Amino acid sequence: MTVHLTIESPLGDLLLVGEESHPAGGGFALASVSMTGQKNAAIVQPGWEYAPGAFADVVRQLGEYFDGGREQFELVYSTRGTAFQERVWAALDGIPYGTTTTYGRLAEGLGVPRGEVRALGAAIGANPLLVVRPCHRVIGADGGMRGYAGGVERKHHLLTHEGALQPQLL
């Protein structure tokens, strides 16, 4: 069974999607966190059940994150990527809060040959758990804000929130 809930956040509405999972607390594992206007965002499908109670822990942890009281998420995930994507997504979890890494450094750490860095970028771009799996912490070698499925402005907001970037004065 697939369940969903939309919540408000400083980034706009977030659509949370869960899949039934017996090992997960509450019986559901987080399958997707997507943003309005995001590339390849999840869309509520017929047959999905609106189930706010299934996401109580996710909503609590996201609230703590956005309030500055949480640096790491402790959730059960149910993602469906290729073996390569899952390996890249798991590596994202190892990028500490308040820091960034580059695509090249991440590729090196995973043993991805230089010629396959684009595949690594594509796997990062396919991350179904925005915010929670911190793909926003991966930047260009020159410090540039390379693509982010939720939009570069949101990536900049998240990195500023985490202290990895200084706020811009207008």
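**Starting from Ser34**

I began with Ser34, which sits in strand 3. One reminder to myself: this is a predicted model.

Is Ser34 buried or exposed? I found a relative accessibility of 2%. The cut-off for buried is under 20%, so Ser34 counts as buried.

Next I checked what Ser34 touches. Skipping its neighbours within four places in sequence, I listed contacts with Asp13, Leu14, Leu15, Ala41 and Ala42. I also noted that the Ser34 side chain reaches the backbone nitrogen of Ala42, at 3.5 Å.

**The strands**

Then I looked at how strand 3 pairs up. I found strand 2 and strand 3 running antiparallel, with seven bridges between them.

Strand 2 covers residues 14-20, and I wanted to know how many of its residues are buried. I got six of the seven, so strand 2 is largely enclosed by the rest of the structure.

On to strand 1, residues 2-7. I saw that strand 1 is antiparallel to strand 2 and joined to it by six bridges. Here I found Leu5 opposite Leu16 in strand 2. The two strands make a hairpin with six residues between them. In that turn I spotted Gly12, whose phi is positive, about 105°.

**The core**

Which residues have the most contacts inside the largest nonpolar core? I wrote down Leu16, Leu30, Leu62, Leu120, Ile124 and Val131, in a core of 41 residues. I then looked up which elements give two or more residues to this core: strand 1, strand 2, strand 3, helix 1 (56-66), helix 2 (83-92), helix 3 (103-110) and helix 4 (117-125). I jotted a general note beside this: in soluble globular proteins, nonpolar side chains tend to be buried together.

I followed up on Val131. Leaving out neighbours within four places in sequence, I found Val131 in contact with residues including Leu11, Met35, Leu62, Tyr65, Phe66 and Phe73. His136, Tyr148 and Leu158 are on the list of Val131 contacts too.

**A look at Gly47**

Last stop: Gly47, in the loop between strand 3 (28-35) and strand 4 (49-50). Its relative accessible area is 74%. Exposed means over 50%, so Gly47 is exposed.

How far apart are Gly47 and Gly140 in space? I read off 40 Å from C-alpha to C-alpha, with 93 residues separating Gly47 and Gly140 in sequence.

Methods: Residues are numbered from 1 along each chain as its sequence is written. This is a predicted model: local features need pLDDT of at least 70, side-chain atom pairs count only at pLDDT 80 or more; totals for chains, interfaces and linings use all residues. Side-chain values use heavy atoms; hydrogens and water are left out. Helices (H or I, at least four residues) and strands (E, at least two) are DSSP runs, numbered from the N terminus. Buried means under 20% relative accessible area, exposed over 50%, partly exposed in between (1.4 Å probe, protein chains only). A polar contact is a pair of N or O atoms within 3.5 Å; within protein, one must be able to donate a hydrogen and the other to accept it, and residues adjacent in sequence count only if both atoms are side-chain atoms. Contact means heavy atoms within 4.5 Å. Two strands pair if DSSP finds at least two bridges between them. A nonpolar core is a set of buried Ala, Val, Leu, Ile, Met, Phe, Trp, Tyr and Cys residues joined through side-chain atoms within 4.5 Å.
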